[in-house]
Amino acid sequence: MYEIVFKKFLTPTICLMEIDAPLVATSAKPGQFVIVRAREMGERIPLTVCDFDPVKGTVTIVIQIIGASSRIICSLEQGDSLTDFVGPLGRPSDFMEEDPASLKGRRYLFVAGGLGTAPVYPQAKYLHEHGAHVDVIVGAKTESLIIMEEQMSEVCDNLHICTDDGSKGHHGLVTEKIKLLLESGAAYDQAVAIGPMIMMKFVALTLKPTSIPLTVSLNTLMVDGTGMCGACRVTVGGKVRFACVEGPEFNAYEVDFDEALRRQSLYRPQEIEADHKCRIGRDL
Amino acid sequence: MKRTPVREQDPKVRATNFKEVCLGYDAGEAMEEASRCLNCKNPGCVKKCPVNIGIPRFIEQVKNGNFEEAFRIISEDSSLPAICGRVCPQETQCEGNCILGVKGEAVAIGKLERFVADYNRENGTPVIEKAAPNGHKVAIVGSGPSGLACASDLAKAGYDVTIFEVLHKAGGVLQYGIPEFRLPKETVVEHEIENVRRLGVRIETNVVIGRTLTVDQLMDKEGYEAVFIGSGAGLPRFMGIEGENLNGVFSANEYLTRSNLMRAFDPESDTPIFIGKNTVVVGGGNVAMDAARTALRLGSNVTVVYRRTEAELPARAEEVHHAREEGVVFRMLTNPVAILGDEKGCVKAIRCIRMELGECDASGRRSPVPVPGSETDIEADTVIMALGTSPNPLIANTTEGLQTERHGCIVADESGVTTRPGVFAGGDAVTGAATVILAMGAGRKAAAAIDRYIKEK
Ligand SMILES: Cc1cc2nc3c(=O)[nH]c(=O)nc-3n(C[C@H](O)[C@H](O)[C@H](O)COP(=O)(O)OP(=O)(O)OC[C@H]3O[C@@H](n4cnc5c(N)ncnc54)[C@H](O)[C@@H]3O)c2cc1C
Ligand SMILES: Cc1cc2nc3c(=O)[nH]c(=O)nc-3n(C[C@H](O)[C@H](O)[C@H](O)COP(=O)(O)OP(=O)(O)OC[C@H]3O[C@@H](n4cnc5c(N)ncnc54)[C@H](O)[C@@H]3O)c2cc1C
Ligand code: SF4
Ligand code: FES
């Protein structure tokens, strides 16, 4: 059992938890994820590692309520435990393989959509600590859904906020903000987009003409997360890849986003029913 | 004298539930069946048993009603009799070489083995015979039959043993692959795992070797003097044909993992499973039979397509027979060439080509060749690929000095010795997908080799 040592709602539907998991805390790297099961009959849910503290032995996850299982996880309280917590899974971000000294001065653009801020955070933090230049664009529907703004501003050079309704920052989509930055003369060696699949698809379309390399983190359906089932398969560069072991990060320009979007919706009818059942008798 | 029939659930009833199909012998039936054995001087059955169980010796004890003694005899060579009695391909091993099979029906060795194990689980008092702790630590990667067998032999010899397993439940394929209706989890599999725990073996689930910890860390930092790798062959293959990523195409591993490990067949489980109207399963092995019969029980019509003929079906004969009785349709000499989708990207049919048997290949089997122009479409909304699996490269990629060969199999000799000193391997990780008995045997041989290695160090 893995104790929830700290829990806080960042927005009414997004929850941050620190989990007691010493082995994962010492081995996790930016870009990797964990798989969580909330209870004995629970589903295996992949969640990105958002932060880790090897000294305290804790791993931070941020989870958005979008269906039955995420609702159950978020209904647990500080002091409760998750039944299972396994990781780190997937490959670390590419820059983790490089000599840290070579990162100094390199210019990064991160584009985080909604919950994507959470997985962007450890990457921005690592790069910032190693002297890279880091700009972050955070997009959300409205001001109240922006998460981790303060922490993020501490680990980047420029934080740009976009909201769909104009309640904060730029009024409009992250893709518009990208264009504005590039038009104003900003230059980047590498871009990273993490967020809803549809956002990553459009960021890829926006950046493709610029020749700035773009990495995306694919949140496919998963079961085991170890390469055993193929539920997570995506087509990248015309080849079938398993996102859980060969990813989750891939070269965005090679990803077949339309297929990935379609595959994500496979269980939608069953999930809507499950969530409906799960809501009955709960106040969340 | 004819073989004593074994009681089974009625096919119509069992096609709608996940309870065990075969109900096994009772004591009277077992003694009756045991009395058929001729107690051969030079028994063919033993020669064909991969671990050479003293078959006529244990059957003799069953005949006389000494079920505890029968169990003791089996236990000399097998640590998982309740499982092997259920899942071994007896018709190509012991029973396939039983003298009675020449003219009539072989002794039901598998059913007797199962009876003895079940009887002792239900009535016996487990005796734990264990040497005094010797202070040496050994790590086991993977809790499938090879890992469990290796762990229990080492624990009995006094070693301090820890199993690391990436999934949340121990058992390997016994847990995530083979369905409840063939191998009950709570009564049989969990019991065997509990026995291993009772010997003092720790089982750490949720640990990925190669990520959470590496083999190098286990040996250099955590003080393990030897490591046994029994990580299986879990990586599913696909055909590489058009339409394989359509919604509704699954690997058998995914389908079975959802149903077995995640218990998606149970309404209490949070894990969804896709239940089609018409399911086509591609393949002819045990994995294909298990996927087909699972889909059938969930409420789908099921067709199995296989590119060779009935005679070459690699699945256990009993499973093919059971699948037919339950209503699974077989189309032999049929091979998919494409999967067709509708405008939403969901499977609507699978296009297959007729095959005929041509020249013999390297394995001596006549290899199937397509008949040009013979394509037909089979209507389907679900396609399950059961084409075999290969070892996961994660451990080999993260372990210094551990060599692999074609298909990612770890290079190891008969006793499990690998190219890295102190690291041993066995089971499907070495051989590629094989059988429970071979994995168990490999785990035990490696345990003996580890014992020698540590004592000689
Ligand atoms: C590598 C990886 C990292 C992830 N990191 C995080 C994270 O840090 N925080 C977080 O909140 N979520 C993350 N996710 C997504 C998370 O796993 C899903 O939100 C969760 O599985 C949904 O479960 P549920 O039962 O609550 O919703 P469901 O009932 O399963 O789904 C509700 C709706 O969301 C859709 N959906 C299901 N899974 C996904 C998905 N993976 N992506 C988009 N839509 C989906 C369904 O089709 C359905 O319409 C990650 C996924 C992956 C693969
Ligand atoms: C559906 C199906 C039906 C079958 N039916 C039969 C049958 O009827 N009769 C028969 O004899 N055989 C059958 N087999 C084959 C048989 O189950 C296998 O040959 C046998 O289980 C192999 O045992 P193993 O110990 O080598 O590996 P496995 O049973 O595969 O166990 C390996 C374990 O290692 C774990 N692991 C892998 N990588 C790591 C890692 N990096 N870190 C930690 N843990 C890890 C896995 O999660 C798994 O639990 C079947 C197989 C399948 C899939
Ligand atoms: S070959 Fe058949 S008859 Fe002979 S000992 Fe073995 S089981 Fe008995
Ligand atoms: S999640 Fe099963 S192989 Fe990737």
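Biologist: Is N206(B) buried or exposed?

Modeller: Buried means under 20% relative accessible area, exposed over 50%, and partly exposed in between, with a 1.4 Å probe and protein chains only. N206(B) has 4% relative accessibility, so it counts as buried. This is a predicted model, in which local features need pLDDT of at least 70, side-chain atom pairs count only at pLDDT 80 or more, and totals for chains, interfaces and linings use all residues. Residues are numbered from 1 along each chain as its sequence is written, chains are lettered from A and ligands numbered from 1 in the order in which they are written, and side-chain values use heavy atoms, with hydrogens and water left out.

Biologist: Where is N206(B), and what is its phi?

Modeller: Helices (H or I, at least four residues) and strands (E, at least two) are DSSP runs, numbered from the N terminus. N206(B) sits in the loop between β5 (202–204) and α12 (215–220) of chain B. Most residues other than glycine have a negative phi, and most peptide bonds are trans. N206(B) is not a glycine, yet its phi is positive, about 60°. R263(B), also not a glycine, has a positive phi near 55°; R263(B) is in the loop between α13 and β9 (278–282) of chain B.

Biologist: Which peptide bonds are cis?

Modeller: One is the bond from G87(A) to P88(A), with omega near -5°; P88(A) belongs to strand β8 (residues 84–89) of chain A. Another joins G247(A) to P248(A), with omega about 10°. P248(A) is in the loop between α7 (243–246) and β17 (249–251) of chain A.

Biologist: What does L218(A) touch?

Modeller: Contact means heavy atoms within 4.5 Å. Leaving out residues up to four places away in sequence, L218(A) touches M197(A), M200(A), V234(A), P248(A), F250(A), V255(A) and F257(A). P248(A), in that list, is the proline of the cis bond with G247(A). L218(A) lies in the loop between β14 (214–217) and β15 (233–236) of chain A, and its relative accessible area of 2% makes it buried.

Biologist: How do I read the packing of α13(B) and α14(B)?

Modeller: Axes are lines fitted to C-alpha atoms, for helices over the stretch in contact, and angles run from 0 to 180 degrees between N-to-C directions. In chain B, α13 (residues 252–259) and α14 (residues 286–298) pack at about 50°, with axes 10 Å apart. Angles under 35 degrees count as roughly parallel, over 145 as roughly antiparallel, 65 to 115 as roughly perpendicular and the rest as oblique. α13(B) and α14(B) are therefore oblique to each other. Contact residues include Y255(B) and L256(B) of α13(B), and V287(B) and D290(B) of α14(B).

Biologist: What is the make-up of the contact of α13(B) with α14(B)?

Modeller: Ala, Val, Leu, Ile, Met, Phe, Trp, Tyr, Cys and Pro count as nonpolar, Asp, Glu, Lys and Arg as charged, and the others, Gly among them, as polar. The contact has seven nonpolar residues, two polar and one charged.

Biologist: And chain B overall?

Modeller: Chain B has 18 helices and 18 strands. The radius of gyration is taken over C-alpha atoms, and the globule rule is 2.2 Å times the number of residues to the power 0.38. For chain B the radius is 23 Å, close to the 23 Å that the rule gives for 457 residues, so the chain is as compact as a globular protein of that length. Of its 457 residues, 59% count as buried. G373(B), by contrast, is exposed at 69% relative accessibility, in the loop between β14 (366–370) and β15 (376–379) of chain B.
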